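Hello,

Here is the structure we talked about. Please open it first, then read my notes below.

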Amino acid sequence: MGTICQGDPLPSPKWVAVNGPLAHELGWPEGWDGPSALAVLAGNAVWPGMEPVATVYSGHQFGVWAGQLGDGRALLLGELITPMGPQEIQLKGAGATPYSRRADGRAVLRSSIREFLCSEAMHALGVPTTRALSLVASPQAVRRETMETSAVVGRVAPSFIRFGHFEHFAHGAAAGDELRYEATLQALVDFVVVHHYPHLQDADNRALALLDAVVSRTAELMAHWQSIGFCHGVMNTDNMSILGLTIDYGPFGFLNEFDPQHVCNHSDTHGRYAWQNQPQMGYWNLRALAQALLPLMPDTKDDPQAVIDVLQTYEQRFPQAMRARWSAKLGLQTEQADDAQLAVDLLQLMAACRADFTITFRRLCQYRGDLSPADTLNAPVRDMFIDRDGFDAWALRYGARLEAEAGDTASQAERTARMQQVNPAYVLRNHLAETAIRRAQAGDFSEVQRLHQLLMQPYDEQPGFEAYADFPPDWAQSIEVSCSS
Ligand code: AMP
Ligand code: MG
């Protein structure tokens, strides 16, 4: 499903940032980031054994079948055996491939900085994601809305296979030439199962077992995203990982003032991928995957009920995963029937008051349920809500709920510490990325590196970095991000 290709040489590459901790996890020695690694991670050379490949996939974009897409600007360098298991290294922006269509195969520095930083920020937040090993910049000019310069991100993941890879071969099967395409589709399922879901190898039907596993991982991923206010921006089926990883960081964003209908992608004019729609869109994409796998389930051709049953487990799995995340964010360790309502009511109040998503939850970690909601010690979180009465009413219920934790002997400090491990202080807000981008475009990469360091510990207060945890400045509202830059 891939084509061997070389990409295009990138003139005068230089490091913007390297990810030392990830290189260490890969088992690479100190000093790995010399000229040889720079040449390889710029796409200008290969190490022995590497045979760069671009793969073909198709997909549904914004709900519409888009036909063949593929790695238009991604090159798989190869798979490494590492202490963290086999890992693929892929370059994004290394030049034209057979799947570039009419585009240039490049990525601009701006979007590459965003991908580098957010991949690692998400990993540190505990969200399944592809990783970023390196960021290389070049003066080579590329045309977007204005002229910009290009960059290459070195990405690492156990696999970059997407729902769209399956759709590609299934669509071929539907269009004729069934035997060839079905055999490839089956080979793809076998490859993914054997390499990435080995416990499913002996399933009666591997395709159905794979679907079940991906439904589960996608439900978990969506709950993760929602719980930290992450908006992906382009949840097309070609941007959905078969491993349930966050993949393809483009016009993503983190919620500032909480608006469930927030759309982070300027090109998404209908709000298809608004924050509140993401779980539904995950489900929609799973349906597309299920459809693609149907040719491998001959028993279901007349009666697809088994597939529908597996798909529909999402309707329990997602809410269950979501409840667990909200409960943890509220500091609850036991389960009670109306916990979900408590979380929903808080979110509604936050939305009505346009309370900042990240800051509100972070401040809630310090909430003292043993005191009155109006106590000065509770002022930091209470002040997030212009509707004070609304907050007080909710906070009284919350205080009672904290008290009702079965056998709750947890001290306030213990609960605060626990909640601070799921309610981050630092997320990659657009204005933080934008500041790093503007400096980098002027040749100063230090802010990219500083943000990378900071976001590796998003749950710990870091002295001197209070401003990075603060409300976005007014100018942040004018930042626009859109597809494919
Ligand atoms: P995206 O919206 O970034 O997920 O991209 C959708 C499709 O367009 C993928 O197949 C990409 O590989 C391709 N693509 C996006 N930008 C470029 C580019 N500059 N050059 C070649 N292909 C691109
Ligand atoms: Mg993509």
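First, a definition: helices (H or I, at least four residues) and strands (E, at least two) are DSSP runs, numbered from the N terminus. I242 is found in the loop between strands β11 and β12.

Some ground rules. This is a predicted model: local features need pLDDT of at least 70, side-chain atom pairs count only at pLDDT 80 or more, and totals for chains, interfaces and linings use all residues. Residues are numbered from 1 along each chain as its sequence is written, chains are lettered from A and ligands numbered from 1 in the order in which they are written, and side-chain values use heavy atoms, with hydrogens and water left out.

Is I242 buried or exposed? Buried means under 20% relative accessible area, exposed over 50%, and partly exposed in between (1.4 Å probe, protein chains only). I242 has 0% relative accessibility, so it counts as buried. In sequence, I242 and V214 are 28 residues apart, yet their C-alpha atoms are 6.4 Å apart in space.

D248 is in this loop too, between β11 (230–231) and β12 (253–254). D248 is buried, because its relative accessibility is 13%. Its phi is positive, about 65°, although D248 is not a glycine. Most residues other than glycine have a negative phi. F62 also has a positive phi, near 50°, and is not glycine. Look for F62 in the loop between β4 (58–61) and β5 (64–68). F62 has a relative accessible area of 29%, so it is partly exposed.

N239 and D248 are both buried.

**Aromatic rings**

How many aromatic pairs does the structure hold? There are 24. Rings of Phe, Tyr and Trp (its six-membered ring) pair if their centres lie within 6.5 Å; planes under 30 degrees apart count as stacked, over 60 as edge-to-face and the rest as tilted.

Take Y283 and Y314. Their ring centres are 4.8 Å apart and their planes meet at 20°, so this pair is stacked. The pair links distant parts of the chain. Y283 is in helix α7 (residues 278–293) and Y314 in helix α9 (residues 314–330), 31 residues apart. Y283 has a relative accessible area of 6%, so it is buried. Y314 is buried as well, because its relative accessibility is 3%.

Ring pairs also join W225, F230, Y249, F252 and F254 into a cluster.

R287 lies over the face of Y283, 4.3 Å from the ring centre. The charged end of R180 sits over the ring of Y181, at 4.9 Å from its centre.

**Two packed helices**

Helix α4 (residues 163–174) packs against α7 at an angle of about 40°, with the axes 8 Å apart. Axes are lines fitted to C-alpha atoms, for helices over the stretch in contact, and angles run from 0 to 180 degrees between N-to-C directions. That angle makes α4 oblique to α7. Angles under 35 degrees count as roughly parallel, over 145 as roughly antiparallel, 65 to 115 as roughly perpendicular and the rest as oblique.

**Two more residues**

R397 is in helix α13 (residues 388–403). R397 is partly exposed, because its relative accessibility is 38%.

Y459 sits in the segment after α16 (446–455). Y459 has 11% relative accessibility, so it counts as buried.

Best wishes

How values were computed:
A charge sits over a ring if NZ of Lys or CZ of Arg is within 6 Å of the ring centre and within 35 degrees of the ring normal.
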